[in-house]
Amino acid sequence: MEKYKEDITSSNAENEPIVDTGLKKQTIKQLFDGCDTLSEARYLLQHLFDLCIDKAAMAAKVEAEFKLNLTVTQTEIV
């Protein structure tokens, strides 16, 4: 049973996303292992969440603009 837990843990570590913190790239686990207090971890989580929301909004905007341009192009052809 321990071997399976180790396999799962190592597999999860390999698939963990890497965050570019500006100074050096770290995995999420390494980033949070560096937190000394719960408030530091909460601060990081809030900023990571905000970053995800910003990137999702930007991707949605780009996709909407692409679809609009595609529609305009198709109507011009007809």
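Is Lys 67 buried, exposed or partly exposed? At 48% relative accessibility, Lys 67 is partly exposed, a class lying between buried (under 20% relative accessible area) and exposed (over 50%), computed with a 1.4 Å probe on protein chains only. The model is predicted: local features need pLDDT of at least 70 and side-chain atom pairs count only at pLDDT 80 or more, whereas totals for chains, interfaces and linings use all residues. Residues are numbered from 1 along each chain as its sequence is written, and side-chain values use heavy atoms, with hydrogens and water left out.

**Salt bridges**

- The structure contains 2 salt bridges, each defined as a side-chain nitrogen of Lys or Arg within 4 Å of a carboxyl oxygen of Asp or Glu.
- Side chains of opposite charge can pair when their charged atoms come close.

**Pair in helix α2**

- Lys 29 and Asp 33 form a salt bridge with an N to O distance of 2.9 Å.
- Because they lie 4 residues apart in helix α2 (residues 28-33), about one helical turn separates Asp 33 from Lys 29; helices are DSSP runs (H or I, at least four residues) numbered from the N terminus.
- Asp 33 is exposed at 54% relative accessibility, while Lys 29 is partly exposed at 49%.

**Pair in helix α3**

- In the salt bridge between Glu 63 and Lys 67, the closest N and O atoms are 3.5 Å apart.
- These residues, Glu 63 and Lys 67, are 4 residues apart in helix α3 (residues 38-77), so about one helical turn separates them.
- Glu 63 is partly exposed, with a relative accessible area of 45%.

**Cysteines**

- The structure has 0 disulfides, a disulfide being a pair of cysteine sulfur atoms within 2.5 Å.
- Cys 35 is buried at 16% relative accessible area, whereas Cys 52 is exposed at 52%.

Conventions. Helix = DSSP H or I, 4+ residues; strand = E, 2+ residues; numbered from the N terminus.
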